[in-house]
Amino acid sequence: MPYVNIKLAGSVTKEQKKQIAKEITETLTKHAQKPANYTYIVFEEVAYEDWAIGGELLG
């Protein structure tokens, strides 16, 4: 049972999430032979001011 956790700085639309989830599920089914109905994907949207790269906040 695959569990995929996607963390994003900022946000994406519901339609973008649907497409991302579809493509990740298809990839796991095709390349890892994992059943689509047992593939779990969680989206975590993090505010830019709560995310830092290289010691600098993004927002």
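**Surface patch, salt bridges and a loop residue**

Val42 sits in strand β2, which covers residues 40–46. The model is predicted. Val42 is also one of the residues of a nonpolar surface patch, and the structure holds 3 salt bridges. Gln33, in the loop between α1 and β2, has a positive phi.

**Nonpolar patch**

- Met1, Tyr3, Tyr38, Tyr40 and Val42 make a nonpolar surface patch of about 580 Å².
- Val42 has a relative accessibility of 31% and counts as partly exposed.

- Glu45 and Lys17 form a salt bridge in which the closest N and O atoms are 3.1 Å apart.
- Glu45 belongs to strand β2 and Lys17 to helix α1, so this pair ties together parts that are 28 residues apart in sequence.
- Glu45 is partly exposed, its relative accessible area being 37%.
- Lys17 is likewise partly exposed, with a value of 24%.

- Lys18 pairs with Glu15 in a salt bridge, with 3.6 Å between the closest N and O atoms.
- Both Lys18 and Glu15 are in helix α1, and their spacing of 3 residues is about one turn of the helix.
- Glu15 counts as exposed, at 52% relative accessibility; the cut-off for exposed is over 50%.
- Lys22 pairs with Glu26 in a salt bridge, and here the closest N and O atoms are 3.1 Å apart.
- Lys22 and Glu26 also both lie in helix α1, with a spacing of 4 residues, about one turn of the helix.
- Lys22 is partly exposed, with 45% relative accessible area, and Glu26 is partly exposed as well, with 42%.

**Loop residue Gln33**

- Gln33 is found in the loop that runs between α1 (14–32) and β2.
- The phi angle of Gln33 is near 55 degrees, which is a positive value in a residue other than glycine.
- Gln33 is exposed, and its relative accessible area is 60%.

Conventions. Residues numbered from 1 in each chain as written. Predicted model: local features only at pLDDT ≥ 70, side-chain atom pairs only at ≥ 80, totals over all residues. Heavy atoms only, no water. Patch = residues over 30% accessible without salt bridge, like charges linked within 9 Å, V, L, I, M, F, W, Y side chains within 5 Å. Areas by Shrake-Rupley, 256 points an atom, 1.4 Å probe, with all protein chains shown as cover. Salt bridge = Lys/Arg side-chain N within 4 Å of Asp/Glu carboxyl O. Helix = DSSP H or I, 4+ residues; strand = E, 2+ residues; numbered from the N terminus. Buried < 20%, exposed > 50% of the residue type's maximum accessible area, 1.4 Å probe, protein only.
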